Amino acid sequence: MALPCAPRVTMSAFTFGSVGNTANLTFNTDVTAGGPIAAHAGNITLSSGKTLTAGAGADIVLAASGDFINNAGASALAVSGGGRWIVYAGDTTGNTYGSL
């Protein structure tokens with residue numbers, strides 16, 4: 001599944017999938033949430049130039065049962081106010097961390 005190509009999506013929180021989800025997820029747009037961001041998918045891909053931004057003190061958790069592919073670079077995951085980002089990948093090969 002690819003998120004819409006709108007320039008930016010803003011919401012209070014964002015959750016995609018649940019533990020065990022194997023559908024692939026591609027972020028083709030910036031996502032800004034007033035709270036946490038969580039995604040459970042097969043492969044998780046962040047497209048070039050896109051950013052996921054969690055609210056102050058909130059976390060970003062990305063759990064890929066397959067590969068994590070960050071084409072967006074070092075600023076792809078934005079947290080503040082004590083928030084943190086955590087990325088899980090299915091194994092150690094096939095991942096692109098993009099300087100995170």
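Predicted model: local features only at pLDDT ≥ 70, side-chain atom pairs only at ≥ 80, totals over all residues.

Colleague: Where is the place of L100?
Modeller: Strand β11 covers residues 85-88. L100 is placed in the segment after β11.

Colleague: How many aromatic pairs does the count come to, and what kind is the pair of F68 and Y97?
Modeller: The count comes to two aromatic pairs. One of them joins F68 and Y97, with 6.0 Å from centre to centre. Planes under 30 degrees apart count as stacked and over 60 as edge-to-face, with the rest tilted. The planes of F68 and Y97 are 35° apart, so this pair is tilted.

Colleague: Why does the pair of F68 and Y97 tie together parts that are apart in sequence?
Modeller: F68 lies in strand β9, residues 68-70. Y97 lies in the segment after β11. The pair therefore ties together parts whose separation in sequence is 29 residues.

Colleague: Is F68 buried or exposed?
Modeller: Buried means under 20% relative accessible area. F68 has 0% relative accessibility, so F68 counts as buried.

Colleague: In what order do the three strands of the open sheet with β9 stand?
Modeller: Strands of a sheet pair through backbone hydrogen bonds, either parallel or antiparallel. In this open sheet the pairing is parallel. The edge strands are β3 (25-27) and β9, and each pairs on one side only. Neighbouring strands are turned by 5° against each other on average, direction ignored. The order is β3-β6-β9.

Colleague: Why is strand β5 largely enclosed by the rest of the structure?
Modeller: Strand β5 runs over residues 37-41. It is largely enclosed because, of its five residues, the number buried is four.

Colleague: Which residue in β8 is the bridge partner of A41?
Modeller: β5 pairs in the parallel sense with strand β2 (residues 14-16) over three bridges. There, F16 has A39 in β5 as its bridge partner. β5 also pairs with β8 in the parallel sense, over five bridges. In β8, the bridge partner of A41 is A64.

Colleague: Which side chains meet in a salt bridge, and how far apart are the N and O?
Modeller: A search of the whole structure finds one salt bridge. It links R84, in the loop between β10 (77-78) and β11, to D59, in the loop between β7 (52-53) and β8 (60-64). These two residues are 25 residues apart. A salt bridge needs the nitrogen within 4 Å of the oxygen. The side chains of R84 and D59 meet with an N to O distance of 3.8 Å.

Colleague: What separates the C-alpha atoms of V31 and F68?
Modeller: V31 is in strand β4 (residues 30-33). At 1% relative accessibility, V31 counts as buried. Along the chain, V31 and F68 are 37 residues apart, and their C-alpha atoms are separated by 17 Å.

Key
Residues numbered from 1 in each chain as written. Heavy atoms only, no water. Phe/Tyr/Trp six-rings, centres within 6.5 Å; stacked < 30°, edge-to-face > 60°. Buried < 20%, exposed > 50% of the residue type's maximum accessible area, 1.4 Å probe, protein only. Pairing = 2+ DSSP bridges. Axes fitted to C-alpha atoms, helices over the stretch in contact; angles between N-to-C directions.
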